[in-house]
Amino acid sequence: ERLSETFLEKHDMEEQQEQARFIIGIDLGTTNSAVSFVDTSQKPFKVEDFPVLQLIAPGETAALLVFPSFHYEATESEFRKGFLDMPWDSTERKTVYGCFARDHGAQVSSRLITSVKSWLSHSGVDRTAALLPWHGAVDVEKISPVEATSRYLSHIRHAWNYSHPDDPFESQDVIITVPASFDEIARELTVTAAAQ
């Protein structure tokens with residue numbers, strides 16, 4: 001009976017893989033993240049980079065080959081209304097990820113979250129606790145390394161869906177790399193962030 005269950009699970013996985021048009025690979029880096037993909041409908045298979053649409057200046061977006069792993073929370077009056085919004089946003093945003101978060105956040109470090117992957121692997125802290133940004137401004141929403149990772153992945157998902165409306169991210173095979181130095185907890189927390 002167990003053998004037949006294993007066979008059915010494997011068959012279900014193979015069937016799901018056949019249904020997915022794209023295999024998406026995400027390298028969640030400490031400083032920069034990157035996304036690549038394979039379109040399984042085109043032979044021979046070819047690995048291609050996916051430029052991630054992101055804010056590069058207030059009100060200005062660009063699709064870039066790297067997605068800087070930075071999270072910035074603006075003050076209520078820091079930018080004009082809508083200047084931080086992405087094309088897929090339905091409500092006004094005050095958090096930014098990627099290039100502009102890195103560049104602008106360097107000037108206002110008390111509102112910037114960096115090195116999330118390092119925090120996710122830090123066994124000396126509660127990685128699910130709202131502790132970032134470390135030494136942040138009093139009015140900044142504190143979030144956990146897991147939540148920050150989830151927000152990066154969510155941005156990547158939205159960018160993919162904006163670019164591929166007929167082949168949503170949720171229906172593709174997604175592989176997220178983690179460093180060999182990650183302990184079991186950090187690996188599981190990355191899975192949790194991806195599920196969120």
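Strand β7, residues 71–73, and β9 are paired in the antiparallel sense through 2 bridges. Please bear in mind throughout that this is a predicted model. At the level of residues, Y72 has L112 of β9 as its bridge partner. In general, the strands of a sheet pair through backbone hydrogen bonds, either parallel or antiparallel.

The sheet itself is open and consists of 3 strands in the order β8-β7-β9, with antiparallel pairing. Its edge strands are β8, at 95–97, and β9, at 112–113, each of which pairs on one side only. Against this sheet packs helix α4, residues 145–163, which touches β7, β8 and β9. The direction of α4 makes about 75 degrees with that of β8.

How many residues does the largest nonpolar core have? It has 36, and those with the most contacts inside it are I24, I26, V35, F50, L84 and W160. Among the elements that give two or more residues to this core are the strands β1 (22–27), β2 (32–39) and β4 (52–57), and the helices α2 (99–105) and α3 (116–120). Helix α4 gives the most, with 6 residues.

Let us take V35 as an example. Leaving aside neighbours within four places in sequence, V35 is in contact with I24, G25, I26, E48, D49, F50, V52 and I156.

Thank you for your attention.

How values were computed: Residues numbered from 1 in each chain as written. Predicted model: local features only at pLDDT ≥ 70, side-chain atom pairs only at ≥ 80, totals over all residues. Heavy atoms only, no water. Pairing = 2+ DSSP bridges. Helix = DSSP H or I, 4+ residues; strand = E, 2+ residues; numbered from the N terminus. Contact = heavy atoms within 4.5 Å. Axes fitted to C-alpha atoms, helices over the stretch in contact; angles between N-to-C directions. Core = buried A, V, L, I, M, F, W, Y, C linked by side-chain atoms within 4.5 Å. Buried < 20%, exposed > 50% of the residue type's maximum accessible area, 1.4 Å probe, protein only.
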